[in-house]
Amino acid sequence: MTPASDAGARLRAIFFDFDGVLAESVAIKERVFRELFEPYGDDIVAEVIELHRALGAISRVIKIERIHRDLLGRPLAEAELAAWAKRYATTVERQVVECPEVPGTSALLEDQSARMPLFVVSGTPEAEMRRIVDARGWNRYFSGVFGSPRLKAEIVRTALAEHGLDAGDCLFVGDTFTDHDAARATGMPFVGRRVDFRPNPFPPGTLIVEDMAELAGLLRTAA
């Protein structure tokens with residue numbers, strides 16, 4: 001059985017990453033990183049995007065800190081780091097609210113939220129993630145919307161305990177190795193959504209879907 005069919009037969013909750021899973025916002029975030037560091041030249045921009053992808057779905061604060069420390073050779077003071085993170089957030093938030101959903105997302109959330117608790121587990125700062133979910137009109141679908149600074153495995157473990165859930169009866173849906181690692185660390189079945197313009201980040205044998213419409217079909221088959 002695949003992870004989806006194995007979990008689907010007894011599924012009690014679904015944990016979703018947000019960018020690239022529910023909303024087509026991955027390209028937006030890459031574009032903003034390009035724009036922020038464009039004054040440093042094309043070579044630095046290429047390294048910035050490589051690091052951004054390599055770090056996966058973790059906090060942009062960590063990424064910005066690493067870019068300045070490792071690529072620019074200029075570690076940021078706390079106030080400077082906060083200012084850079086604010087510049088990024090100001091540019092990104094509105095665009096993420098307005099971007100298209102991953103095909104099938106609204107229908108999947110409508111259907112599955114009537115059956116079980118659903119959660120967002122994102123690398124975006126938690127307050128910002130909650131504003132975005134609210135602005136898109138998706139609040140009613142979720143039993144919890146979570147983000148950084150907590151790491152994803154910590155978030156998942158806390159939600160499992162608070163809702164009396166067993167990891168083996170849940171499903172994690174993500175688009176980066178960070179999501180896959182969080183699922184593996186917590187013992188949760190995993191389904192990957194591959195974003196077309198990025199290399200496949202998942203190990204061989206990982207079940208991958210094109211979009212949330214395909215995931216909905218798999219869950220219906222497994223139910």
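**Close-up views of salt bridges, ring pairs and surface charge**

**View 1. Glu-128 and Arg-60 form a salt bridge between buried residues.** Both Glu-128 and Arg-60 are buried; buried denotes under 20% relative accessible area, exposed over 50%, and partly exposed the range in between (1.4 Å probe, protein chains only). The model is predicted, so local features need pLDDT of at least 70 and side-chain atom pairs count only at pLDDT 80 or more, whereas totals for chains, interfaces and linings use all residues. Residues are numbered from 1 along each chain as its sequence is written, and side-chain values use heavy atoms, with hydrogens and water left out. The N to O distance between the side chains of Glu-128 and Arg-60 is 3.1 Å, where a salt bridge is a side-chain nitrogen of Lys or Arg within 4 Å of a carboxyl oxygen of Asp or Glu. The pair links distant parts of the chain, with Glu-128 in helix α7 (residues 126-135) and Arg-60 in helix α4 (residues 60-71), 68 residues apart. Helices (H or I, at least four residues) and strands (E, at least two) are DSSP runs, numbered from the N terminus.

**View 2. A salt bridge joins Asp-70 and Arg-66 within helix α4.** The N to O distance is 2.8 Å, and the two residues are four residues apart, about one turn of the helix. Asp-70 is partly exposed because its relative accessibility is 39%; Arg-66, at 27%, is also partly exposed.

**View 3. Glu-24 and Arg-193 form a salt bridge across distant parts of the chain.** Their side chains meet at 3.0 Å, N to O. Glu-24 belongs to the loop between β1 (13-16) and α2, and Arg-193 to strand β5 (residues 190-193), 169 residues apart. Glu-24 is partly exposed, at 30% relative accessible area, whereas Arg-193 is buried, at 7%. A search of the whole structure finds 17 salt bridges; a network of them links Asp-17, Lys-152 and Asp-179.

**View 4. Phe-33 and Tyr-88 form a tilted aromatic pair.** The structure holds eight aromatic pairs. Rings of Phe, Tyr and Trp (its six-membered ring) pair if their centres lie within 6.5 Å; planes under 30 degrees apart count as stacked, over 60 as edge-to-face and the rest as tilted. The ring centres of Phe-33 and Tyr-88 are 4.8 Å apart and their planes lie at 50°, so this pair is tilted.

**View 5. Phe-119 and Phe-146 form a stacked aromatic pair.** The ring centres are 6.3 Å apart and the planes lie at 20°, so this pair is stacked. Phe-119 in strand β2 (residues 118-125) and Phe-146 in strand β3 (residues 144-148) are 27 residues apart. Phe-119 is buried at 0% relative accessibility, and Phe-146 is buried at 13%. Ring pairs join Phe-15, Phe-119 and Phe-146 into a cluster.

**View 6. A cis peptide bond joins Ser-148 and Pro-149.** Omega is about 20° at this bond. Pro-149 is located in the loop between β3 and α8 (152-163). In general, most peptide bonds are trans.

**View 7. Six acidic residues gather in a patch of negative charge on the surface.** The patch consists of Glu-35, Glu-38, Asp-42, Asp-43, Glu-47 and Glu-50. Patches are made of residues with over 30% relative accessible area and no salt bridge, like charges being joined within 9 Å and nonpolar side chains (Val, Leu, Ile, Met, Phe, Trp, Tyr) within 5 Å. Helix α3 (residues 42-55) contributes the largest share, four residues. Asp-42 is found in helix α3 and is exposed, at 68% relative accessibility.

Notes
Accessible areas come from the Shrake-Rupley method with a 1.4 Å probe; for residues, only the protein chains shown count as cover. The place of a charge is taken as NZ of Lys, CZ of Arg, CG of Asp or CD of Glu.
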